[in-house]
Amino acid sequence: MTATIEAPASQPIADMETDSLIGNFPEGQRLVGSQCNACGCTMIGSRVVCSSCISRDVSRVALPSTGVLYSFTRIHVGAEGIRPLGYVDLDNGVRTLADIHEGDIPLRPDMRVELDVKDDWFFAPAASDKREV
Ligand SMILES: [Zn+2]
């Protein structure tokens, strides 16, 4: 007689609920984040699962609209011209890749940047940084 032992089935799950990272909050339009109620980890995007401890007990939160430019580059995109991209360390420590609008302010690492939403979302030098130039 042989016994059959079945392994428990696992299911692949998408960890993000939506592609849009911009949401409406009482403080205005902000990047959507998720905070894990089990381990406290904060992540960008509307998550279904915590990317740190895989708990499914996560809450939707608004991320800070200000941060510091960690690093940046300029991508040359055919006829579209130059597209600056950078890593922004938000004021709560979450890092995100974002379009950067530099205007007439030269970008530099560690400069303060703030979120802006027009047709799409991007970061631009913060008003406090503009006054220093
Ligand atoms: Zn967690």
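Residues are classed as buried under 20% relative accessible area, exposed over 50% and partly exposed in between (1.4 Å probe, protein chains only). The structure is a predicted model, in which local features need pLDDT of at least 70 and side-chain atom pairs count only at pLDDT 80 or more, whereas totals for chains, interfaces and linings use all residues. Residues are numbered from 1 along each chain as its sequence is written, and side-chain values use heavy atoms, with hydrogens and water left out.

Strands are DSSP runs (E, at least two residues), numbered from the N terminus. Strand β1 comprises residues 22-25, and its side chains alternate between two faces. Two strands are taken to pair if DSSP finds at least two bridges between them. Four bridges join β1 to strand β2 (residues 28-36), and the two strands run antiparallel. The bridge partner of Asn-24 in β2 is Gln-29. Together, β1 and β2 form a hairpin with two residues between them.

The metal site holds a zinc ion whose protein donors are the SG atoms of Cys-36, Cys-39, Cys-50 and Cys-53, lying 2.3 Å from the ion. Donors are defined as N, O and S atoms within 2.8 Å of the metal (3.2 Å for Na, K and Ca); water is not among the atoms, so sites may look incomplete. Along the chain, the donors follow the spacing C-x2-C-x10-C-x2-C. The arrangement is tetrahedral because the four donor atoms subtend angles of 105 to 115° around the zinc ion; four donors count as tetrahedral if all angles lie between 85 and 135 degrees. For four tetrahedral donors, the ideal angle at a metal is 109.5 degrees. Cys-36 is buried, at 3% relative accessible area, whereas Cys-39 is partly exposed, at 40%.

Side chains of opposite charge can pair when their charged atoms come close. With a salt bridge defined as a side-chain nitrogen of Lys or Arg within 4 Å of a carboxyl oxygen of Asp or Glu, the count comes to five. Among them is the contact between Arg-95 and Asp-89, with an N to O distance of 2.6 Å; Arg-95 is partly exposed, at 41% relative accessible area. Arg-112 forms a salt bridge with Asp-91, the closest N and O atoms being 2.9 Å apart. This pair links distant parts of the chain, 21 residues apart, with Arg-112 in strand β8 (residues 112-117) and Asp-91 in the loop between β6 and β7. Both partners are partly exposed, with relative accessible areas of 29% for Arg-112 and 42% for Asp-91. The side chains of Lys-118 and Asp-116 also meet in a salt bridge, at 2.8 Å from N to O. Lys-118 is exposed, at 58% relative accessibility, while Asp-116 is partly exposed, at 28%.

Tyr-70, Tyr-87 and Leu-97 make a nonpolar surface patch of about 310 Å². Patches are made of residues with over 30% relative accessible area and no salt bridge, like charges being joined within 9 Å and nonpolar side chains (Val, Leu, Ile, Met, Phe, Trp, Tyr) within 5 Å. Accessible areas come from the Shrake-Rupley method with a 1.4 Å probe; for residues, only the protein chains shown count as cover. Leu-97 belongs to strand β7 (residues 95-99) and is partly exposed, at 47% relative accessible area.

Key. Tetrahedral: all angles 85-135°; square planar, octahedral: opposite > 155°, others 65-115°.
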